[in-house]
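Here's a short tour for anyone meeting this structure for the first time. Have a look at it, then read on.

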Amino acid sequence: MAKIRLCREFGFEMAHALEGYDGLCRHVHGHSYRLFVTVAGEPCDDPASPQYGMVMDFGELKRIVNSRIVDRYDHAFVLRRTPENGELLDRLRDKWERVCWVDYQPTCEQLLIRFAGEIEAALPAGVELVEVKLYETEKSHAEWRAEENR
């Protein structure tokens with residue numbers, strides 16, 4: 001049986017600030033993120049299965065990525081929690097529900113590492129995560145590849 005790759009694109013809007021950074025990105029700013037998720041597996045060869053001929057249903061991949069990533073981060077403000085900004089973050093969360101504090105610097109690279117782990121953990125048996133790309137801008141993106149992270 002042939003191994004096949006499937007890819008699906010997702011989009012979301014998110015704001016962040018890079019706490020402690022010495023450039024303009026230390027200020028609150030937002031991006032229109034594009035997330036490309038590639039999985040691979042062998043198409044189901046059981047004619048009695050509703051998944052016959054599929055590696056996985058694109059709708060299932062959509063459900064996984066939306067529930068783990070898009071629904072959480074779309075229109076959210078993400079900031080690394082530090083001793084200096086903890087009280088501010090708590091006050092922001094009292095006013096707006098989509099304020100996320102994280103224990104890492106929310107760069108494109110670090111977000112991508114977390115996204116890959118979240119997606120990989122939810123994939124069905126026999127389907128593997130191959131690649132995840134996160135575009136922060138039209139011209140700038142980071143890539144995670146399974147072959148380099150195993």
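R68 counts as partly exposed, at 31% relative accessibility (buried means under 20% relative accessible area, exposed over 50%, partly exposed in between, with a 1.4 Å probe and protein chains only). Keep in mind that this is a predicted model, where local features need pLDDT of at least 70 and side-chain atom pairs count only at pLDDT 80 or more, while totals for chains, interfaces and linings use all residues. Residues are numbered from 1 along each chain as its sequence is written, and side-chain values use heavy atoms, with hydrogens and water left out.

R68 has a salt bridge partner in E118 (a side-chain nitrogen of Lys or Arg within 4 Å of a carboxyl oxygen of Asp or Glu). This pair links distant parts of the chain, with R68 in helix 1 and E118 in helix 3, 50 residues apart (helices are DSSP runs of H or I, at least four residues, and strands are runs of E, at least two, numbered from the N terminus).

The whole structure holds nine salt bridges; here are three of them.

| Pair | Closest N to O | Where |
|---|---|---|
| R68 and E118 | 3.3 Å | helix 1 and helix 3 |
| E131 and R145 | 2.7 Å | strand 5 and strand 6 |
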